[in-house]
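Open the model in your viewer and keep the selection tool at hand. This tour goes stop by stop, saying what to pick next.

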Amino acid sequence: MKRILFRFFVLFGISSQVAWGAETPALIDRPAASAGPTQVSVGIWIVDITNIDSAQQDFTADFAVVLRWKDARLAHTGTGVAYYALDQIWTPRVGIANETSSVVRKFPESAEVEPDGTVLYRQFYVGAFTQPLRLRSFPFDRQAFHIQLVAVRYRPDEVMFVPDQNWINNGLKQGAGIAPSITLPDWTIEKWDTKPVTYALAPGFEYSGYAFEFTASRNVLHYILKVILPLVLIVIMSWVVFWIEPSELGIQFSIVMTSMLTLIAYRFAVDTQLPRLPYTTRLDTFILTSTLLVFFSLIEVLVTTILDNKQQKKLAKRIDRYCRVIFPVIFALAIMGIFFHTRD
């Protein structure tokens, strides 16, 4: 829905420009249009990333964007800068394709013009930005995030985005960066990159864009200590029934049912952290495997109790002895198959 709204506003903006273009002042036209694409330098600094919400498929960030381009028509005498509202001069009309309605722009919508005609636009954004996530490996996942800048009206052969050379000269690689200390508690930023990216609004509607991308991996210690380890202990607890006399049905049944209900409670707790996915995650598979093992423990209890009632106590105890080995081996193999491979 958010992407549809963005596309609607893009098309609305384009149609508005066409309707009143004949009456637009000369300064609204792209500078030196006949000389090729207008080069726009981009600097992006991520001040903070405060949250990544897997359930909502978005992340919350505070970042600054600086755009710089040359418009000789705005050159003026003097040593100071001149200030213009954005609707008075040409701008690349940059929007953010994946912003949500919560995004706030902290700086006024104006530009500074230096005496040589260099135009400087600064903006500080705070809010949430959509990002589809691949959650099959949850919670052992690694995700790629991006902030997509789009020149709403201009194609790649009209506006060309490049890293800001001034920032690069001042030591900022690729004219961008992330603050060394961010408040994101449960993710680790591994790498980042910036690059020009053509934004395809629809077939035949491609616009010049620029993306800041970063890769983050989820810190799994929380899930190991708070979810996976307790579930392992719950499953192991259900195996106590293999050491209890087959005649003690009440005790065995209580242990297995307690384990089963606890697993179901964990299932609901995990579901609140994820959207409704059409596939299973690693944690889903682990919980399902754990539930099945507890369920089969219940079946084993019923079988051994029936055998004991039929005066086949030796067979019942033999089954118990076999299960003391079979269930742990199956569980160990399942854990290795589910968790012991590389992150996606």
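## Stop 1: Ala 316

Select Ala 316 and show what surrounds it: beyond its neighbours within four places in sequence, Ala 316 is in contact with Pro 246, Thr 304 and Leu 307. This is a predicted model. Ala 316 sits in helix H6, which covers residues 313-339. Is Ala 316 buried or exposed? Ala 316 is buried, because its relative accessible area is 0%.

Ala 316 and Phe 268 are 48 residues apart in sequence. In space, their C-alpha atoms are 35 Å apart.

## Stop 2: helix H5 and the nonpolar patch

Select helix H5, residues 282-309. Next, pick Gln 311, which follows H5. Its phi is positive, near 65°.

Colour Leu 249, Phe 253, Leu 288, Leu 292, Phe 295, Phe 296, Ile 299, Leu 302 and Val 303. Together they make a nonpolar surface patch of about 740 Å². Which helix gives the most to the nonpolar patch? H5 does, with seven residues. Helix H4 (249-271) and H5 each supply at least two residues of the patch.

Zoom in on Leu 249, in helix H4. Leu 249 counts as partly exposed, because its relative accessibility is 34%.

## Stop 3: the nonpolar cores

Hide the surface and go inside. In soluble globular proteins, nonpolar side chains tend to be buried together. The largest nonpolar core here has 75 residues. Which of them touch the most other members? Select Ile 44, Phe 63 and Phe 286.

Stay on Phe 63 and show its contacts, leaving out neighbours within four places in sequence. Among them are Ile 44, Trp 45, Ile 46 and Val 47. Ile 96, Gln 123, Phe 124, Tyr 125, Phe 129 and Ile 147 are also in contact with Phe 63. Another core, of five residues, lies apart from the largest one. Pick Ala 97, Tyr 199, Leu 201 and Tyr 207, which are among its members.

## Stop 4: Gln 148

Move to strand S8, residues 142-151, and select Gln 148 within it. Gln 148 counts as buried, because its relative accessibility is 6%. Which residues does Gln 148 touch, not counting those up to four places away in sequence? Show Gly 95, Ile 96, Ala 97 and Asn 98.

## Stop 5: salt bridges

Side chains of opposite charge can pair when their charged atoms come close. How many salt bridges does the structure hold? It holds eleven. Here are some to visit.

- **Asp 71 and Arg 73.** The closest N and O atoms of this salt bridge are 2.9 Å apart. Asp 71 is buried, with a relative accessible area of 0%. Arg 73 counts as partly exposed, at 36%.
- **Glu 112 and Arg 122.** Their side chains meet in a salt bridge, 2.8 Å from N to O. Glu 112 is in strand S6 (110-113) and Arg 122 in strand S7 (118-130), so the pair ties together parts ten residues apart in sequence. Both partners are partly exposed: Glu 112 has a relative accessible area of 22%, and Arg 122 has 37%.
- **Arg 218 and Asp 141.** The N to O distance in this salt bridge is 2.7 Å. Arg 218 lies in strand S14 (209-218) and Asp 141 in the loop between S7 and S8, so the pair ties together parts 77 residues apart in sequence. Arg 218 and Asp 141 are both buried.
- **Glu 245, Lys 313 and Lys 317.** Salt bridges that share partners join these three into one network.

## Stop 6: backbone details

Switch to a backbone view. Pick Phe 138 and Pro 139, which are joined by a cis peptide bond with omega of about 5°. Pro 139 lies in the loop between S7 and S8.

Next, select Ala 32, in the loop between helix H1 (2-20) and strand S1 (38-53). Its phi is near 50°, a positive value in a residue other than glycine. Ala 32 counts as exposed, because its relative accessibility is 57%.

End at Gln 57, in the loop between S1 and strand S2 (58-70). Gln 57 is not a glycine, yet its phi is positive, about 60°.

Terms used
Residues are numbered from 1 along each chain as its sequence is written. This is a predicted model: local features need pLDDT of at least 70, side-chain atom pairs count only at pLDDT 80 or more; totals for chains, interfaces and linings use all residues. Side-chain values use heavy atoms; hydrogens and water are left out. Patches are made of residues with over 30% relative accessible area and no salt bridge: like charges are joined within 9 Å, nonpolar side chains (Val, Leu, Ile, Met, Phe, Trp, Tyr) within 5 Å. Accessible areas come from the Shrake-Rupley method with a 1.4 Å probe; for residues, only the protein chains shown count as cover. A salt bridge is a side-chain nitrogen of Lys or Arg within 4 Å of a carboxyl oxygen of Asp or Glu. Helices (H or I, at least four residues) and strands (E, at least two) are DSSP runs, numbered from the N terminus. Buried means under 20% relative accessible area, exposed over 50%, partly exposed in between (1.4 Å probe, protein chains only). Contact means heavy atoms within 4.5 Å. A nonpolar core is a set of buried Ala, Val, Leu, Ile, Met, Phe, Trp, Tyr and Cys residues joined through side-chain atoms within 4.5 Å.
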